[in-house]
Amino acid sequence: IFQLHCKFPTNMSSTTPLTDGAAVPNVTFKCRVRDASIGGENPFTWKDVSSADLFAGKRSVVFSLPGAFTPLCSSKHLPGYEAAYDEMKALGVDDVYCLSVNDAFVMRQWGLHQGLEEEKEDGSNPLNPGNFKRVKLLADGACLFTRGMGMSCTWTTERGFGERSWRYAMVINDMRIEKMYIEPGFEQNSGPDPGTVSMAENVLEYLKSCGK
């Protein structure tokens, strides 16, 4: 009898999550961007984009969540930042990113389902054209950035997600964490899915306290 033994990570949270002052991991994100030369109904190609491409020399807001299309992520987390986008920009933020351990195809469809406006022409942001005009959706499909942040969480009996990201938000200033917001109760296979400190209103309050 052939038996397959699968071992899931049981103590991945022993890697201490990064916090204020730490450098964010410089990894390569596998992204999909528009390429008009391809033509047809799906004119997209692969593009490697590094953390440095996105964050070096810039002040950015990143919020990370367990999964596209999931209830709290879709009803409050992403919509809150989309609504606060203009105000965050006015407070000196260069861009706002939503990160999840999903692939680029899933993230795109989730954004369209959420009613985000696609950027079809302007390529000034490394994720465009083909991502979105306001909040950009960043696919960490291989979990490299999430692991580097110390935020990897594996859900087995709870939800069956597998390895994803714990919910958090941060302000990044030139590749370093200026301010971090980690949801309480971080543990592997967590039952609760808190959505409090990482919400847009808290990051917005911090940005206002800093002034522009």
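Contact means that heavy atoms lie within 4.5 Å. This is a predicted model, where local features need pLDDT of at least 70, side-chain atom pairs count only at pLDDT 80 or more, and totals for chains, interfaces and linings use all residues. Residues are numbered from 1 along each chain as its sequence is written, and side-chain values use heavy atoms, with hydrogens and water left out.

**Exercise 1. Find the surroundings of Gly 67.**

Step 1. Locate the residue. Gly 67 sits in the loop between strand S3 (59–65) and helix H2 (71–90). Helices (H or I, at least four residues) and strands (E, at least two) are DSSP runs, numbered from the N terminus.

Step 2. Leave out residues up to four places away in sequence. Gly 67 then touches Cys 73, Ser 100, Asn 102 and Arg 164.

Step 3. Check the burial. Gly 67 has a relative accessible area of 0%, so it is buried. Buried means under 20%, exposed over 50%, and partly exposed in between (1.4 Å probe, protein chains only).

Step 4. Look along the chain. Phe 161 is 94 residues from Gly 67, yet their C-alpha atoms are separated by 8.4 Å.

**Exercise 2. Describe the backbone at Pro 129, Met 175 and Asn 189.**

Step 1. Recall the background. Most residues other than glycine have a negative phi, and most peptide bonds are trans.

Step 2. Take the proline. A cis peptide bond, with omega about 0°, links Asn 128 to Pro 129. Pro 129 lies in the loop between helix H3 (104–113) and strand S5 (136–139).

Step 3. Take the methionine. Met 175 is not a glycine, but its phi is positive, about 75°. Its loop runs between strand S8 (168–173) and strand S9 (176–182). Met 175 is buried, at a relative accessible area of 14%.

Step 4. Take the asparagine. Asn 189 also has a positive phi, near 55°. Asn 189 belongs to the loop between S9 and helix H5 (200–210). With a relative accessible area of 21%, Asn 189 is partly exposed.
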